Amino acid sequence: VNGADDGAFARHLLEFFTRLAGGDFTARIPRNFRRDHEDALAFMVEVVAEQLAKKQQSHFESEAALASLVEKFVTLAAGDFTVRAERTHRGDTLDTLAYLLNNVSAELGDLVADTDHQRMLLETVLESMLDGVLLLDSNGNVRRSNAAMAAMCAPKIGAHVSEVLAKDEHELASQLSHMRAHDVFRQRDTFFVGPEGDRLPMTVSASAHRDVHGELVGVVLVARDDRELKKARAHLEMTERLTTMGTLAAGVAHEINNPLAFISANLDYAVEELEKLANKDPSGPLVEIVRALSASRSGAERVRHIVRDLRSFARSDAEVITHVSLNDLCDSALGLATNEVRNRARVTKEYGSPPLVLGNEGRLVQVLVNLIQNGAQSIKTGAPAKNEIRIVTGVMGDANAQFAFLDVHDTGCGISEDDLPRIFDLFYTTKPVGVGMGLGLSISLRLVQTMGGRIDVESQLGKGSRFRIVLPAAPAETVPPRSPPRTSGRHRVT
Ligand SMILES: Nc1ncnc2c1ncn2[C@@H]1O[C@H](COP(=O)(O)OP(=O)(O)OP(=O)(O)O)[C@@H](O)[C@H]1O
Ligand SMILES: [Mg+2]
């Protein structure tokens, strides 16, 4: 080896180490393949540089994989449980971390889906409940309510329970704001404030809302709207009262009927006999006596009609269905409603030829009396000549479907468009206490509907109304032949 070569080699070596120190692993010393020391050194340099380059490459790769893994952990922490890392299956630290990430992400995903499902279940149960539910915090402020509660009184979130309850229910409001962990209220009657500031009767139950550690966090209040229940109860009471009154009326009518029969018969007999004598002596006192007795006879006749109508009205034989003539029915009903109508309107009848209908006579009289009474009550007292209750009967439909109809017209106050949809509601009345109960139309509609019919209404505010009952004609094959008029022999009865 000569000196010049040594110098060149030493420069190569120096350059190589300088580049190596600068991180450049591509530097090489040219080999001479003479298998001398220089060649051996150049070979060693090549091997070392390659090893270092490899190490650097793998270092770069690990850095990138680590950065990607960190990013995935951040995504997971942000709540994306679908994130997954690619595995190398080399069993090194990075691969273990990727495995952990995938497992944690999948487990968390399942857990959250399950929690979501449970939450949705609870939510839908709460919203589907018929009873109103109110969750209060431990100070009695509304935290949430369900749909049923919102429909009843629309409580505001954050409002104090005393704003939900009626003003005079402050004692309950205070109890609800100071509940202890084991306090319970069951079925307490109270009033809520309705959307229009009205009082809503409610039955409430309340219990403490405790967390998993048993600590009080608020109150769960369940409220039931009592209006329907109370209406049903009142209806039942009223029906019972009406039934009792009906039975009583039927009893009284029955008791009157027998003595009345012989009073009438004896009056007929007396008038007939006295008339004969009076005819013989027209200037004598008997003429006046006959006139007085005749007046009594027509009085007795009226009593007989009233008793008959009362009996048909009071009969509780709802299931007895017969062929009914609407024209005959009108006369009975008018007889019963005379008192109501007398001072308010004159009555006009326009009877057509309605077909017979199948129904319960007593019930239909009840319907008609209510319609006539309603018509009369819509007219102020004092001007009967200027007002009218007009009853019209007739036939409608065609040969395939024939109907009998009966109209009750009045010239009364009429019904506003707002009120019209509510008049058939049970207990809906615009009349003062003691005059109306709001029962008439709802009962009438039910009765007519059970007979396959309907009630139509037309009304003009300030002008009057028309209520029309429409009932299907009795099937032709069931209509009985007209019986010959009954002949009544006059004789003395004792
Ligand atoms: N012919 C009518 N003219 C004007 N308003 C009427 C007429 N008929 C019914 N109404 C209205 O409908 C309401 C309900 O009538 P409904 O017969 O059901 O009850 P009511 O007459 O008030 O009481 P009840 O029949 O129990 O004595 C009445 O209060 C009245 O406001
Ligand atoms: Mg009425």
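This report covers the ligand site, the elements around it and several single residues of a predicted model.

**Basis and confidence**

The model is predicted: local features need pLDDT of at least 70, side-chain atom pairs count only at pLDDT 80 or more, and totals for chains, interfaces and linings use all residues. Residues are numbered from 1 along each chain as its sequence is written, chains are lettered from A and ligands numbered from 1 in the order in which they are written, and side-chain values use heavy atoms, with hydrogens and water left out.

pLDDT is the predictor's confidence in each residue, from 0 to 100. Its mean over the chain is 86. Of the residues, 93% reach 70 or more. Where pLDDT is low, the predicted coordinates should not be read in detail.

**The ligand site**

Ligand 1 is surrounded by 22 residues. A residue counts as near when one of its heavy atoms lies within 4 Å of the molecule. Asn374, Thr429, Thr430, Lys431 and Leu441 are the closest.

By type, the shell holds nine nonpolar, eleven polar and two charged residues. Here Ala, Val, Leu, Ile, Met, Phe, Trp, Tyr, Cys and Pro count as nonpolar, Asp, Glu, Lys and Arg as charged, and the others, Gly among them, as polar.

| Side chain (N or O atom) | Atom of ligand 1 | Distance |
|---|---|---|
| Asn370 | oxygen | 3.2 Å |
| Asp410 | nitrogen | 2.9 Å |
| Thr430 | oxygen | 2.4 Å |

On its own, ligand 1 has 590 Å² of accessible area, and the protein covers 92% of it. Accessible areas come from the Shrake-Rupley method with a 1.4 Å probe; for residues, only the protein chains shown count as cover.

Which elements give two or more residues to the shell? They are helix H10 (361–377), helix H11 (440–450) and strand E12 (464–472). H10 provides the largest share, three residues. Helices (H or I, at least four residues) and strands (E, at least two) are DSSP runs, numbered from the N terminus.

**Around H11 and E12**

The buried residues of H11 are Leu441, Ser442, Ile443, Ser444, Leu445, Leu447 and Val448. Buried means under 20% relative accessible area, exposed over 50%, and partly exposed in between (1.4 Å probe, protein chains only). These H11 residues pack against helix H7 (227–280), H10, strand E11 (454–460) and E12. Just after H11, Gly452 takes a positive phi of about 80°.

Arg466 sits in E12. Is Arg466 buried or exposed? Its relative accessibility is 14%, so Arg466 counts as buried. Arg466 and Gly375 are 91 residues apart along the chain, yet their C-alpha atoms are separated by 8.6 Å.

Glu417 belongs to the loop between strand E10 (402–410) and H11. Glu417 has 73% relative accessibility and therefore counts as exposed. Its C-alpha atom is 8.6 Å from that of Ser459, 42 residues away along the chain.

**Buried helix positions**

Ser105 lies in helix H3 (residues 93–128). Its relative accessible area is 0%, so Ser105 is buried. Beyond four places in sequence, Ser105 is in contact with Leu76, Asp80, Phe81, Thr82, Val83 and Arg84.

Val341 lies in helix H9 (residues 326–342). Val341 counts as buried because its relative accessibility is 5%. Setting aside residues up to four places away in sequence, Val341 touches Val347, Ile372, Ala376 and Ile389. Val341 and Arg233 are 108 residues apart in sequence and 32 Å apart in space, C-alpha to C-alpha.

**The H1–H2 loop**

Phe33 is in the loop between helix H1 (3–21) and helix H2 (37–77). Phe33 is not a glycine, but its phi is positive, about 55°. Its relative accessibility of 59% makes Phe33 exposed.

Arg35 is in the loop between H1 and H2. Its phi is near 60°, a positive value in a residue other than glycine. Arg35 is exposed, at 79% relative accessible area.

Definitions and conventions
Polar contact = N/O pair within 3.5 Å; in protein donor to acceptor, adjacent residues only side chain to side chain. Contact = heavy atoms within 4.5 Å.
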